[in-house]
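The sequence and the structure come first.

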Amino acid sequence: DIPFGLKGFFDYEEALEFSKKTDKPIFLDFTGFACENCRLMEHNVWSKPHILDLLRKDFIIVSLFVDSKYQLPNEKDWIKKEGKIIKQLGKKNLTIQIDKYNNAAQPLYVIIDSNENILSGPIGYCSEDDFYQFLKEALNQ
C-alpha cells in the first residue's frame with residue numbers, strides 16, 4: 001500500500017494513462033520494500049500535513065518498487081534491453097529509473113507530466129523543506 005492512505009498506482013504506464021485523463025502531474029516514487037531511507041522519508045517528511053495535503057490533492061502517485069520479485073505475466077509489460085527480456089516488476093522499475101533518470105538509489109522522487117517531461121527533480125533523501133520546495137516547483141510549471 002501507499003503510505004497514509006494515499007491513492008495511487010504501482011505501474012508506470014497506468015499512471016501515465018491516468019495523468020492524460022486528469023491532467024495532473026505524476027509523482028514518481030522509486031522505492032523498495034527493504035529501503036530504510038524510503039520509510040524514513042515517508043514517516044518524517046510525507047507525514048507532515050502540508051506535504052500530505054499536496055500529495056493527496058495535486059499529484060498522481062506511483063510507487064515503483066525496485067526490489068519487487070513479482071513476475072510480469074503479460075508480454076506487453078516486459079522490457080527488452082540489450083538482448084535481454086525483463087519480466088520481473090522490480091527489475092523493470094529499476095530499468096525505468098536508471099534509463100530515464102540516470103540514478104539507481106532509493107528513494108528517488110521525480111515529478112513528470114503525462115508526456116514524461118520532468119517538472120521537478122530528481123531528488124532523493126532530503127529535508128522536509130527541500131521536499132516541499134520540490135513539490136511546489138512542479139506545481140508552478
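E116 is partly exposed, with a relative accessibility of 32%. The model in which this value was computed is a predicted one. The side chain of E116 meets that of K100 in a salt bridge, at 3.0 Å from N to O. Because E116 sits in the loop between β6 (108-112) and β7 (118-123) while K100 belongs to helix α4, the pair ties together parts that are 16 residues apart in sequence. K100 is likewise partly exposed, at 41% relative accessible area.

**Salt bridges**

In general, side chains of opposite charge can pair when their charged atoms come close. Seven salt bridges turn up in a search of the whole structure. Three of them, including the pair above, are listed here.

| Pair | N to O distance |
|---|---|
| R39 and E42 | 2.9 Å |
| K81 and D99 | 2.8 Å |
| E116 and K100 | 3.0 Å |

The bridge between K81 and D99 has its N and O atoms 2.8 Å apart. K81 has a relative accessibility of 25% and counts as partly exposed. D99 falls in the partly exposed class too, at 49%; exposed would require over 50%.

R39 and E42 form a salt bridge within one helix. Both residues belong to helix α2 (residues 36-46), and because they are three residues apart there, about one helical turn separates them. How do the two partners stand in accessibility, buried or partly exposed? R39 is partly exposed at 24% relative accessibility, whereas E42 is buried, with a relative accessible area of 5%.

**Helix α4**

Which residues of α4 are buried? They are L89, G90, K92, N93, T95, I96, Q97 and Y101. After α4 comes N102, which has a positive phi near 50 degrees.

Methods
Residues are numbered from 1 along each chain as its sequence is written. This is a predicted model: local features need pLDDT of at least 70, side-chain atom pairs count only at pLDDT 80 or more; totals for chains, interfaces and linings use all residues. Side-chain values use heavy atoms; hydrogens and water are left out. A salt bridge is a side-chain nitrogen of Lys or Arg within 4 Å of a carboxyl oxygen of Asp or Glu. Helices (H or I, at least four residues) and strands (E, at least two) are DSSP runs, numbered from the N terminus. Buried means under 20% relative accessible area, exposed over 50%, partly exposed in between (1.4 Å probe, protein chains only).
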